[in-house]
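Look at the structure below and keep it in view while reading. The text goes through it part by part.

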Amino acid sequence: MRFESPTTTKAAASMLASESGAAHVLAGGTDLLVRMKMGMVEPDLVLDIKRIETMKVLKVAAGGVHIGGAVPAVELGESERLRSLWPGVVEAANLIGSDQIQGRCTVVGNLCNASPAADSVPALIAAGAKALIVGPKGKRRVGVEKVVLGPGKTSLGRDEFIEAVVLPARAGKSADAYLRFTPRTEMDIAVVSAAVNLTLSRGVVTAAKVVLGAVAPTAVVVPAAARAIIGTKLDDAALEKMAKACRAACNPIDDKRGTVEYRTKVAGVLGRRAALVAFERAGGSK
Amino acid sequence: MSGVTVSAKVNGDAVQYVCPPNESLMDVLRNRLNLTGVKEGCGTGDCGACSVTLDDRLVCSCLVLGAEAEGRSIGTVEGISQDGELHPLQTAFIDHAALQCGICTPGFLVAAKSLLGRNPNPSEEEIRYALAGNLCRCTGYDKIVRAVQSAAKVMRKQKKS
């Protein structure tokens, strides 16, 4: 195995492109090093991207947010501005692992690890985030929802990596929220999770995006759940309709963390609760 | 597999080592630098026994490659006492009997010191959340939480005087 730590994205892209064996990008390493230790991967090249200055940039503005691929999740929570603009994205990122993991793990890594239960992914999708992908032919930008294809699988080419995720400009009276259910209060993986991002006008929801995690091979966007609350002030009937849409979008597995029935039921509950949290954060009142 | 030469700082001292590119920082600290206060519990980032600071960020050293530490500053439990004097956290762990077998203790000390550096007066809940990445199979945690609270109090007094 070789270890390289290039200082530019261009150098990183050409190292990835010229590697004939198994190349793995190292950001926080909280997934990669575990897989190496378990013998699940045997890299020929480990490419540490943390010496690339542009990938360490976290830029927060109402006109857009740039989260570099090497920015540890803990830094998101340390930005008061980001917490007030995108509270849901921050709470999702900060739920990943312990303080020790937070100091290393990145949202781009969380995305590229492609776990169905990844905490930051539903929140990023709900936020309308785009991934800035670098490859030998240059850069391209795709919606975060197009990155994960299934458990452990992404749409990235073998010579591509994600330089950053970018959140769009924030409309006024908007807020997001992320909730997850775990049997323990800390250090566990989502059994079900829900992210809601919405915008209000005169107290009424005018735009919404609802995304569920851990109930299908990838995070699931639920347009019917969003439609159920658009044009409402989250009255009980709208919320029940939304919860029903969330349940209908579930295609979960049975495992030690939860049964299909349980996950399906909880998806409705969390979807509804996340909508209420986002609604209140956006200044809405019932 | 050729070795990687690394220059870093550990507990304020300049160190240099050569390690295979896939060797963890935990193994470097324990086996090459003889800092055996760094413990291996799980080796997968779940238990926190190998906690160290890397440029003042709390991390699991089992999830860092030795090769990544080039130019970085590392802090281990060995650097917590100063001039032969135990740190208030270490004294409090002894006074409160906050350890039994002791394997988890260095990780708890490093994590608790990191917490108190950020938040000198944490609530019990904040302490429990901040130490959720450190597992102890002996104490049941209560004594550890009391020890951290008591050390925090001592440290706040020291800062005032």
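Which domains does the domain assignment give for chain B? The assignment divides the chain into domain 1, residues 4–78, and domain 2, residues 88–160. The model in view is a predicted one. In it, the C-alpha centres of domain 1 and domain 2 of chain B are 22 Å apart.

The two domains also touch. On one side of this contact are 14 residues of domain 1 of chain B, and on the other are eleven residues of domain 2 of chain B. Strand 3 of chain B, residues 51–54, supplies three residues to the domain 1 side, the largest share. By class, the domain 1 side that touches domain 2 of chain B consists of seven nonpolar, six polar and one charged residues.

Next come two helices of chain B. Helix 2 covers residues 88–95 and helix 3 covers residues 105–118. Their axes lie 10 Å apart, and the helices pack at an angle of about 130 degrees. Because of that angle, helix 2 of chain B counts as oblique to helix 3 of chain B. The crossing of these two helices of chain B is right-handed. Which residues of helix 2 of chain B meet helix 3 of chain B? They are Leu89(B), Gln90(B) and Phe93(B), and they meet Thr105(B), Leu109(B), Ala112(B) and Lys113(B) in helix 3 of chain B. Sorted by class, this contact of helix 2 with helix 3 of chain B has four nonpolar, two polar and one charged residues.

Chain B also touches chain A. The contact takes 20 residues from chain A and 23 residues from chain B. On the chain B side, the elements that give two or more residues are strand 4 (57–60) and helix 4 (124–130). Strand 4 of chain B has the largest share of that side, with four residues. The side of chain B that touches chain A has 14 nonpolar, seven polar and two charged residues.

Now turn to chain A. Here four strands form an open sheet with antiparallel pairing, in the order 11-12-13-14. Strand 11 (174–181) and strand 14 (220–221) of chain A are the edge strands, each pairing on one side only. Strand 11 of chain A runs antiparallel to strand 12 of chain A, residues 192–201, and eight bridges join the two. Ala177(A), for example, has Val196(A) in strand 12 of chain A as its bridge partner. Across strand 11 and strand 12 of chain A lies helix 5 of chain A, residues 87–94. Helix 5 of chain A runs at about 25 degrees to strand 11 of chain A.

Technical notes
Residues numbered from 1 in each chain as written. Chains lettered and ligands numbered in written order. Predicted model: local features only at pLDDT ≥ 70, side-chain atom pairs only at ≥ 80, totals over all residues. Domains from an automatic or database assignment. Contact = placed C-beta atoms within 7 Å. Nonpolar A, V, L, I, M, F, W, Y, C, P; charged D, E, K, R; others polar. Axes fitted to C-alpha atoms, helices over the stretch in contact; angles between N-to-C directions. Parallel < 35°, antiparallel > 145°, perpendicular 65-115°, else oblique. Left-handed = near helix turned anticlockwise from the far one by under 90°. Pairing = 2+ DSSP bridges.
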